[in-house]
Amino acid sequence: MDTSDRLTKLLQAECDRTNSRVKNLLNDGYNCTKCNNRGWTAEIIDGAVRYVDCSCMPLRNNMNKANKSGLSAILKKYSLDNYKVSSEWQGKIKKSAYEFLENKRGWFFIAGQSGAGKTHICTGICRELIKTGHNVKYMLWLDDVYKLKKFDEEGENLRETLKSIEVLYIDDLFKTDRNEIPSSADVRIAMEILNFRYINNKMTIISTEKNISEIFNIDVAVGGRIAEMSRENIINIKNEKEKNYRLDFV
Ligand SMILES: [Zn+2]
């Protein structure tokens, strides 16, 4: 055995030792048998021991993004794949979701009564975006608006995140506690967030029980921003009878 073979053998032994000894540095719930949850493996490259990122790392980063998005619970449940198409209007919604993902132009707006599958389709879009590395934040309107109205540190941090995050999904825009008309504080918050995102051309996905003309009635400026940005992606699911929907593309 010549010197270089001996060196290689020593280095390999060092790699093997490190790879078998160092375990579970990452504690995100994902189990990788290849790296024993270190996130890297020791390998010989150009005659030296180097630490190479394990193939589980992109997946871990996306999991981390999913957790940060606030969507992790519903992401498990809803995908575009498992959005059932049993009638024409559902087919159109699914198609427009895929088109939106392909073009990534403007905003996505879907209005309709509770139970029409709005959250499912929007979460499905977010899931695809997270899978391809985008940073997404989920805003449940009623809960988050309550936090924003408190003007404490949590509220301020949330406000900045909702404005600046790469992709924002607002679920149930303008929903109120007892179905009252949204207050002027609600409108101010919507305008602040949406106007910032409008000026900075940031992707925004909105689901709501109010159709676009109802939004205009609540506030012309908010309605105007949404209508302008969502032009190609304004979907209005009309409920004619129980579970009998019809689709209006405005
Ligand atoms: Zn790994």
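Analyst: Start with a term: buried means under 20% relative accessible area, exposed means over 50%, and partly exposed is in between (1.4 Å probe, protein chains only). This is a predicted model, where local features need pLDDT of at least 70, side-chain atom pairs count only at pLDDT 80 or more, and totals for chains, interfaces and linings use all residues. Residues are numbered from 1 along each chain as its sequence is written, and side-chain values use heavy atoms, with hydrogens and water left out.

User: What share of the 250 residues is buried?

Analyst: Buried residues account for 40% of them.

User: And which domains does the protein have?

Analyst: Domain 1 covers 3-55 and domain 2 covers 61-247. Those bounds come from an automatic or database domain assignment. The C-alpha centres of the two domains are 44 Å apart.

User: What is the radius of gyration?

Analyst: The protein has 24 Å, whereas a compact globule of 250 residues would have a value near 18 Å. The radius is taken over C-alpha atoms, and the globule rule is 2.2 Å times the number of residues to the power 0.38. The C-alpha box is roughly 85 × 45 × 30 Å along the principal axes.

User: New topic. Where is G155?

Analyst: G155 is in helix α7, residues 153-164. Helices are DSSP runs (H or I, at least four residues), and strands are E runs of at least two, numbered from the N terminus.

User: Is G155 buried or exposed?

Analyst: Buried, because the relative accessible area of G155 is 0%.

User: What is G155 in contact with, neighbours within four places aside?

Analyst: K147 and L148. Contact means heavy atoms within 4.5 Å.
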